[in-house]
Amino acid sequence: MIDLASYLALAVLAIIILMQAVKILREYERAVVFTLGRYSGVKGPGLILLIPIVQQMVKVDLRTIVLDVPSQDVISRDNVSVKVSAVLYFRVIDPDRAVIQVEDYMGATSQLAQTTLRSVLGKHDLDEMLGERDKLNRDIEEILDAQTEAWGIKVANVEIKHVDIDESMVRAIARQAEAERNRRARIINADGEKQAAQAMLEAAQTLAGQPEAMQLRYLSTLYDIGADKNSTIVFPMPVELGTLLSKMAKAD
């Protein structure tokens, strides 16, 4: 009985050691292995063997991580207070640096994204925040990618989700937009008047060069009046007749 109990104990101990020594990693996982506390390499995916007690591993996920950046209070360059939130896409490309160079790469990346978001947006006006998001996204992405490279992290994309503005500022923007529309309407109206005046001037010059053309215009006008079936017909007096009568009055 004693021998059987010893064999069972040895078998259980062997199973425990085997379970600690054999590890299976998925395709998107890597193991950063430390031997007696010293970095000894990256293993995986698949089946790996570790020396119990002597070797330990830290598992790292290589898939793209979607990190929600909390809403940040930002004061724009034109002194407008807004709340901005964003989303960050990144992944680990060097598992050893992600484990050795930084204590918590998830927390560090999140904090860096928040400070970078406030810093970059604070250098732009409110109109740029609302109308040039693609450019701001690229600027934030480039800064984050450069600073997280030492941690073995690749920033794939940054997207600004919401820019929340105070209600009073929304009303001010609406008034500004209305004033801009009125300004453009007046400019278009004035430009139309200018073009009409130019066309009338050219027409007058053409008619002045050919007096017969003016008579044709008189006849065309009479035709248009008659087509409306009016009971009253107005005959325009030729300009030449007025000029002739004026000369005759001066001669008398």
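Tyr7, Leu10, Leu13 and Ile17 make a nonpolar surface patch of about 430 Å². This is a predicted model, in which local features need pLDDT of at least 70 and side-chain atom pairs count only at pLDDT 80 or more, while totals for chains, interfaces and linings use all residues. Residues are numbered from 1 along each chain as its sequence is written, and side-chain values use heavy atoms, with hydrogens and water left out.

**The patch**
- A patch of this kind joins nonpolar side chains within 5 Å, taken from residues with over 30% relative accessible area and no salt bridge (a side-chain nitrogen of Lys or Arg within 4 Å of a carboxyl oxygen of Asp or Glu).
- Leu10, which lies in helix α1 (residues 2–21), is exposed at a relative accessible area of 53%, where exposed means over 50% with a 1.4 Å probe.

- Strands β3, β2 and β5 form an open antiparallel sheet in the order β3-β2-β5, where strands (DSSP runs of E, at least two residues) pair if DSSP finds at least two bridges between them.
- Because β3 (38–43) and β5 (55–61) each have a single partner strand, one side of each is left without a neighbour in the sheet.
- Strand β2 (residues 29–35) pairs with β3 over five bridges, and Ala31 has Lys43 in β3 as its bridge partner.

Definitions and conventions
Helix = DSSP H or I, 4+ residues; strand = E, 2+ residues; numbered from the N terminus. Patch = residues over 30% accessible without salt bridge, like charges linked within 9 Å, V, L, I, M, F, W, Y side chains within 5 Å. Areas by Shrake-Rupley, 256 points an atom, 1.4 Å probe, with all protein chains shown as cover. Buried < 20%, exposed > 50% of the residue type's maximum accessible area, 1.4 Å probe, protein only.
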